[in-house]
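Please read it with the structure on screen.

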Amino acid sequence: MTLTGYSLPLSPSGASSSLTSPPWFFSGEVVMVDYRVDPAAAARFLPPELELGPDPGAAAAVFAEWQWCSANGAELDDPAGCRFSEFLILLGCTFGGEPMARAPYAWVDQAVPLMRGWVQGMPKQFGSVHMTRPVQVGRAGPRMAAGGRFAAGLAVRDRRVAEVSVTLAEQGEPPHLHAVPLVHSRYFPAWVPGEKPLHQLVSSEVSDVEFGPVWRGAGEFRFFPGADPDLASLAPVEVGAGYAFTYAETLVGGRRLG
């Protein structure tokens, strides 16, 4: 009998895979803050095929709380498995003149999105992510309205790494770095001596993109990069607008670049 599955672990029926095959559907709440990094530091995180965008040093700190499912929606019957939170840093860049964004760092709080990220080429690590949730009744949370204040934070191995807050003022357009394709490096080290590692530059392919009302206002971003000097080089030199919105997409696969 052949062992099958979209991902490890393989099994006789394939039902044991950690990941189902795409498409994957995502709906979530996003809190993000635009900021700027040293353009020279951003350039060091780009592979040779990518260039800094027309706004060198453009970056964003993005927190999101997601609910997801595969094509049959089975995950929605198991809330412990269909929800996760993440934080990522985005850098503005271009590929052949096409505006894109690259995530040099990302953290999630569940195993399945960690593995799914590695399949996509996203450099996901484990972290503890928490966000203020909007409310529609009562006073125990902000409203998606002028004056609403949203906060989010990331801790890694019990050490605070990043925190943002946004005080909403008005509705606006989606932030640029959340509205362009993401470009990743699928990298898997060689295991057999003498063989080369897998290394592919890819872009995520999405459909069914939906934005809820996008609220923007004053953003704050504090960064505690700890002992990692590479991560520390992406600290903000300037903090811009903040945003809070709902967002949905279908992740259908990837596209090879070059």
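This is a predicted model: local features need pLDDT of at least 70, side-chain atom pairs count only at pLDDT 80 or more; totals for chains, interfaces and linings use all residues.

1. Residues are numbered from 1 along each chain as its sequence is written, and side-chain values use heavy atoms, without hydrogens and water.

2. The largest pocket has a volume of about 560 Å³. Its lining counts 29 residues, and H178, L182, V206, Y247 and E249 are the closest to its centre. (A pocket is an open set of points on a 1 Å grid over the protein atoms alone, where a 1.4 Å probe fits, with protein on both sides within 12 Å along at least five of seven lines; lining residues have an atom within 4 Å of a point. The volume is the space filled by probe spheres set on the points.)

3. Which element gives the most to this lining? β11 does, with 6 residues. Elements that each supply at least two residues include α3 (111–120), β11 (198–211) and β13 (238–256). (Helices are DSSP runs of H or I, at least four residues; strands are runs of E, at least two.)

4. The lining of the largest pocket divides into 18 nonpolar, 5 polar and 6 charged residues. (Ala, Val, Leu, Ile, Met, Phe, Trp, Tyr, Cys and Pro count as nonpolar, Asp, Glu, Lys and Arg as charged, the others as polar.)

5. The second largest pocket has a volume of about 320 Å³. Among its 14 lining residues, R102, G121, P123, S185 and Y187 lie nearest the centre. β10 gives the most to this lining, with 4 residues.
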